[in-house]
Amino acid sequence: MNDLIQDGLLARYPEILGSLADGIQCDDGWLDLLDALFDEITRQCMSVGIPLPRARKVKEKTGSLRCYLSSKDDFIVGLVQMAEEISGRTCEVCGEAGVMDVQDNVVQVRCLLHGGRSGADRNRMTTIWRFDPNRPASLVRRVPGTTEEGAELWVLDLLNEVADDYCVKRATGFRANAVRGGDGLRFDAANADQRLQGMMAMTSAFWKRRSP
Ligand SMILES: [Zn+2]
């Protein structure tokens with residue numbers, strides 16, 4: 001990561017990032033994502049009165065973000081998990097929507113402009129990368145694919161996929177009935193535990209930074 005960009009993050013989140021020995025080991029395109037993640041972690045810690053965690057590692061690994069923290073509650077686990085999933089669809093170079101791909105035995109997320117390939121092969125690879133393809137598909141749509149204003153957003157489809165995977169494993173009856181767009185996304189959701197609330201908060205915070 002560019003030194004100036006990294007210094008900016010260190011200045012904003014000194015307690016979380018101050019003891020990071022190896023620096024932030026990913027490219028600049030994930031800046032918005034990291035900023036949203038650390039901002040949400042800070043909010044959560046202030047809101048429930050727990051100390052800020054220290055990041056032990058923040059890096060790219062097999063194409064997506066990894067963020068290892070000294071401590072976390074369930075909400076923060078949801079934040080981190082969703083940030084990792086979003087990174088898997090976000091070009092590491094520029095931050096535009098990208099697809100996870102393998103080239104020369106290296107897994108990376110790239111948009112078309114930065115060397116990503118297009119086509120069905122690549123899309124198939126991405127969809128099965130993080131989830132077990134043999135997992136029975138749930139018939140329940142957990143998160144609507146469009147906002148109430150009618151915007152179709154890829155982050156909503158991703159959140160649906162991640163939340164459904166979690167709900168099937170935990171037998172949790174979570175459902176977001178509606179999503180309002182605008183200044184961040186707001187979810188009208190029933191039965192959301194702390195982990196799911198963290199996932200929704202991360203989706204909303206990321207999208208707020210990505211929206212024009
Ligand atoms: Zn790009």
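## A guided tour of the predicted model

Among contacts in the protein chain between residues at least 6 apart in sequence, 57% join residues at least 24 apart. Two residues are in contact if their C-beta atoms, placed from the backbone, lie within 7 Å. This is a predicted model: local features need pLDDT of at least 70, side-chain atom pairs count only at pLDDT 80 or more, and totals for chains, interfaces and linings use all residues. Residues are numbered from 1 along each chain as its sequence is written.

**Whole chain.** Colour by secondary structure. The protein chain has 7 helices and 7 strands. Helices (H or I, at least four residues) and strands (E, at least two) are DSSP runs, numbered from the N terminus. Read from that end, the order is α-α-β-α-β-β-α-β-β-α-α-β-β-α. Of the 212 residues, 33% count as buried. Buried means 20 or more other C-beta atoms within 10 Å of the residue's own, exposed means 12 or fewer, and partly exposed lies in between; the C-beta atoms are placed from the backbone.

**The core.** Select Leu33, Leu37, Leu79, Ala83 and Met202. These residues have the most contacts inside the largest nonpolar core, which has 43 residues. Such a core is a set of buried Ala, Val, Leu, Ile, Met, Phe, Trp, Tyr and Cys residues joined through C-beta atoms within 7 Å. At least two core residues come from each of α3 (31-48), β2 (55-61), β3 (64-69), α4 (74-87), α6 (154-170), β6 (175-180) and α7 (194-210). The largest share, 8 residues, belongs to α7. Now centre on Ala83. Leaving aside neighbours within four places in sequence, Ala83 touches Leu33, Leu37, Leu65, Cys67 and Met202.

**α4 against α7.** On the α4 side, the contacting residues include Phe75, Leu79, Met82 and Ala83. On the α7 side, they include Leu196, Met199, Met202 and Phe206.

**The open sheet.** Select β1, β2 and β3. These 3 strands form an open sheet in the order β1-β2-β3, with mixed pairing. Two strands pair if DSSP finds at least two bridges between them. The edge strands are β1 (24-25) and β3, each pairing on one side only. β1 and β2 run parallel over 2 bridges. Pick Gln25: its bridge partner in β2 is Lys59.

**The hairpin.** Go to β4 (residues 99-103) and β5 (residues 106-110). These strands pair in the antiparallel sense over 5 bridges. Val99 has Arg110 as its bridge partner in β5. The hairpin has 2 residues between the strands, and Asp104 takes a positive phi near 50 degrees.

**Two loop residues.** Select Thr62, in the loop between β2 and β3. Its phi is near 40 degrees, a positive value in a residue other than glycine. Thr62 is exposed, with 12 other C-beta atoms within 10 Å. Finish at Asn191, in the loop between β7 (186-190) and α7. Phi of Asn191 is positive, near 60 degrees. Asn191 is exposed, with 11 other C-beta atoms within 10 Å.
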